[in-house]
Amino acid sequence: NGTTSVTPEPGESTILLNRKVTVVRWSDGDSFKFLSGRFKGSGVRLVGYNSLESYGPVHRWGDWTAQELYAIASSTKNIAGATQWVCTTDGSKDSYRRVLVNCPGVRQELLSLGHAQVYAYDEDADPVDLKLQREAREAGAGIWEKGTPETIVTSTHSSSEGRGRNRVVSTRTGKTRLVGHQ
């Protein structure tokens with residue numbers, strides 16, 4: 001029935017994916033790797049939001065230092081991994097071959113805490129998500145403590161990769177767009 005008890009190893013946690021307990025290891029607040037189940041070994045991209053990268057101090061805006069934003073990013077994966085979230089997927093993948101997964105509970109929790117931002121890729125953002133983000137911004141929570149820029153760069157691709165573009169997201173609407181560069 002999918003509710004079988006699973007004991008994850010240290011650093012691992014579980015989600016309830018399509019009603020089945022699945023062991024995962026969180027990379028940051030919006031991605032993890034499947035360690036069990038149908039998608040074992042696959043990476044994941046959670047839909048509807050973006051969190052800061054936790055692989056190093058790579059983000060910068062406003063009065064934040066890269067190290068301060070990295071500290072938030074590092075704590076975000078611990079918040080995400082502390083609860084067994086209810087998630088769904090139809091097995092679709094993004095351009096990086098990551099399984100697209102919807103976990104509305106974690107998304108809304110991280111938005112409320114200011115540990116994520118709304119990220120609407122090909123659709124309009126969920127109005128509830130935008131409301132939660134607006135409330136977090138107004139409260140100065142998490143990444144919004146030092147103000148709110150109009151846009152945040154969420155991914156960069158160098159021209160040596162053949163892409164020469166950045167993806168930026170509006171902090172008001174959650175809409176993303178590509179901006180080219182040399």
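Mentor: Start with a definition: a nonpolar core is a set of buried Ala, Val, Leu, Ile, Met, Phe, Trp, Tyr and Cys residues joined through side-chain atoms within 4.5 Å. Keep in mind that this model is predicted.

Trainee: Which residues have the most contacts inside the largest nonpolar core?

Mentor: They are I15, W26, F32, F34, L46, V101 and V106, in a core of 25 residues. Strand 1 (13–17), strand 2 (20–28) and helix 3 (127–139) are among the elements that give two or more residues to this core. Helix 2 gives the largest share, 3 residues.

Trainee: What does I15 touch?

Mentor: Its partners include V24, W26, F32, F34 and W85, leaving out residues up to four places away in sequence. A second, separate core has 13 residues, including W61, W64, Y119 and V169.

Trainee: Why is helix 2 called roughly parallel to helix 3?

Mentor: Their axes cross at roughly 25° and come within 7 Å. Angles under 35 degrees count as roughly parallel, so helix 2 is roughly parallel to helix 3.

Trainee: Which residues meet there?

Mentor: R107, Q108, L111 and S112 in helix 2 meet V128, D129, L132, Q133 and A136 in helix 3. This contact has 4 nonpolar, 3 polar and 2 charged residues.

Trainee: Which residues of helix 2 are buried?

Mentor: V106, R107, L110 and L111 are. Seen down the axis of helix 2, its buried residues fall within an arc of 130°, so they line one face of the helix. They pack against helix 1 (66–81), strand 8 (117–119) and helix 3, among others.

How values were computed: Residues numbered from 1 in each chain as written. Predicted model: local features only at pLDDT ≥ 70, side-chain atom pairs only at ≥ 80, totals over all residues. Heavy atoms only, no water. Buried < 20%, exposed > 50% of the residue type's maximum accessible area, 1.4 Å probe, protein only. Helix = DSSP H or I, 4+ residues; strand = E, 2+ residues; numbered from the N terminus. Contact = heavy atoms within 4.5 Å. Axes fitted to C-alpha atoms, helices over the stretch in contact; angles between N-to-C directions. Parallel < 35°, antiparallel > 145°, perpendicular 65-115°, else oblique. Nonpolar A, V, L, I, M, F, W, Y, C, P; charged D, E, K, R; others polar. Arc of directions from axis to C-beta.
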